[in-house]
Amino acid sequence: MLRRDDVSAETWAIVGGRPLDVPGATLNTPLIAASNFVLGGERIYSRNEATEAWESLEALIGGMEHGHGVAFASGMAACAAVLSQLPTGAHLVLGDDCYQGVAGLADAGARDHGWRVDRLPASDPAWLGKAAEADLLWVESPSNPLLDVADVAAICAAPRRPGTRVVVDNTFATPLGQQPLTLGADIVVHSATKFIGGHSDLLLGLAVAADPAQATLLRTARQLNGATPGTLECFLALRGARTLPLRLRQAEASARVLVERLGGHPAVGRVRYPGFGAIVSFELADAPAADVACRATRIVRHATSLGGVETTMERRGVHVGQEHIPAGLIRMSVGCEDAEDLWADLGAALDQLQ
Ligand code: PLP
């Protein structure tokens with residue numbers, strides 16, 4: 001049987017998480033809708049024992065990340081399960097520009113469980129010093145939406161107390177952009193709703209743990225909290241993940257074209273791009289200018305989520321918890337359309353601001 005270490009992450013996206021290679025077996029994991037099973041076998045009830053689709057997705061993404069995958073009903077469910085392990089009075093270090101849902105969980109922990117929460121820019125070297133005193137370092141890199149990049153390897157290598165964990169939200173980078181467990185992180189989380197699913201038609205999350213015992217704890221949290229992923233969602237995410245390398249290659253190539261053209265447009269201020277991936281943030285003069293641009297495009301869709309085959313953008317300042325970002329900042333998720341078509345559409349919208 002092919003092992004993960006035999007192949008690249010790109011190849012694993014195709015070959016990982018398949019049914020056994022035996023005569024007559026389906027090539028793909030079949031979609032089996034079932035909550036209940038005849039007693040006496042391996043499976044009893046679908047909140048507790050994985051259906052085939054979870055198992056395949058966990059093997060696929062867990063393998064790409066070089067760890068043990070645990071699928072959840074959403075990215076937030078995965079994040080909540082990881083954070084729920086923190087005891088009362090714990091010390092959490094979090095990016096100052098992380099996904100606002102995770103910041104909300106940290107605020108709730110501070111309020112309800114006395115957590116001490118420090119917020120730092122992802123690229124701040126102060127993370128290294130925090131490693132020695134914190135219980136958990138939650139690194140989101142690139143950050144959302146300022147696309148600040150953390151030195152994940154250096155943070156993981158910094159001296160830390162036994163039991164201090166490094167968690168990396170790898171949603172923006174995807175398992176192709178970086179594999180934090182190979183850099184020394186303990187857990188990776190994903191909103192599989194985004195690039196892994198890739199088609200804006202599902203909600204799903206994954207946590208991938210380096211240590212199998214940690215994965216077991218996360219499975220128990222999932223079961224007790226009922227944060228169970230739907231079988232259909234796992235099936236769709238599995239199918240979506242097969243084309244992640246292709247989609248990302250196309251999107252990244254287009255993102256580079258758009259970054260260059262945006263940089264040369266007189267209506268555009270600072271353009272942020274971490275040098276890889278398919279998310280680009282750029283600044284227009286103010287919130288009204290950004291709102292005009294977002295409504296004026298015909299190919300680029302005005303929508304909040306990201307990582308789909310379709311290019312989307314929105315002014316991030318419309319959301320609560322984004323008060324730290326420039327008012328006219330637009331976050332764009334570049335999809336798989338032709339780059340010249342995308343620029344014709346986006347450029348025409350920006351020309352209206354002149
Ligand atoms: N992490 C990041 C970086 C995100 O952007 C999101 C959602 O936008 C989440 C976590 C939460 O994922 P979900 O929406 O699948 O619950």
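The largest share of the lining of the largest pocket, 5 residues, is contributed by α2. The structure is a predicted model, in which local features need pLDDT of at least 70, side-chain atom pairs count only at pLDDT 80 or more, and totals for chains, interfaces and linings use all residues. Residues are numbered from 1 along each chain as its sequence is written, and side-chain values use heavy atoms, with hydrogens and water left out.

The largest pocket holds about 660 Å³ of space. Its lining comprises 23 residues, of which Met-1, Val-15, Gly-17, Arg-18 and Pro-19 are the closest to the centre. Two or more lining residues are given by each of α1 (9-15) and α2 (52-64). By class, 12 residues of this lining are nonpolar, 6 polar and 5 charged. Here a pocket is an open set of points on a 1 Å grid over the protein atoms alone, where a 1.4 Å probe fits, with protein on both sides within 12 Å along at least five of seven lines; lining residues have an atom within 4 Å of a point. Grid points are joined across faces, edges and corners, and the volume is the space filled by probe spheres set on the points. Ala, Val, Leu, Ile, Met, Phe, Trp, Tyr, Cys and Pro count as nonpolar, Asp, Glu, Lys and Arg as charged, and the others, Gly among them, as polar.

The second largest pocket contains about 370 Å³ of space. Of its 24 lining residues, Tyr-99, Asn-144, Thr-171, Ser-191 and Lys-194 are the closest to the centre. The elements giving two or more residues to this lining are α3 (75-83), α4 (100-113) and β6 (187-191). The lining of the second largest pocket has 8 nonpolar, 11 polar and 5 charged residues. At least three of its residues come from each of domain 1 (4-242) and domain 2 (244-351), the bounds being taken from an automatic or database domain assignment.

The centres of the two domains, taken over C-alpha atoms, are 26 Å apart. Their contact (heavy atoms within 4.5 Å) takes 29 residues from domain 1 and 27 residues from domain 2.

For the chain as a whole, 12 helices and 12 strands are found, defined as DSSP runs numbered from the N terminus (helices H or I, at least four residues; strands E, at least two). The C-alpha trace spans about 70 × 50 × 35 Å along its principal axes. Of the 354 residues, 52% count as buried (under 20% relative accessible area, with exposed over 50% and partly exposed in between; 1.4 Å probe, protein chains only). Among contacts between residues at least 6 apart in sequence, 67% join residues at least 24 apart.

Cis peptide bonds join Ser-141 and Pro-142, with omega about -5°, and Asn-144 and Pro-145, with omega about 10°.

His-66, although not a glycine, has a positive phi of about 65°. This residue is in the loop between α2 and β1 (68-72) and is partly exposed, with a relative accessible area of 33%. Thr-174, also not a glycine, has a positive phi of about 65°. Thr-174 belongs to helix α7 (residues 174-177) and counts as buried at 1% relative accessibility.
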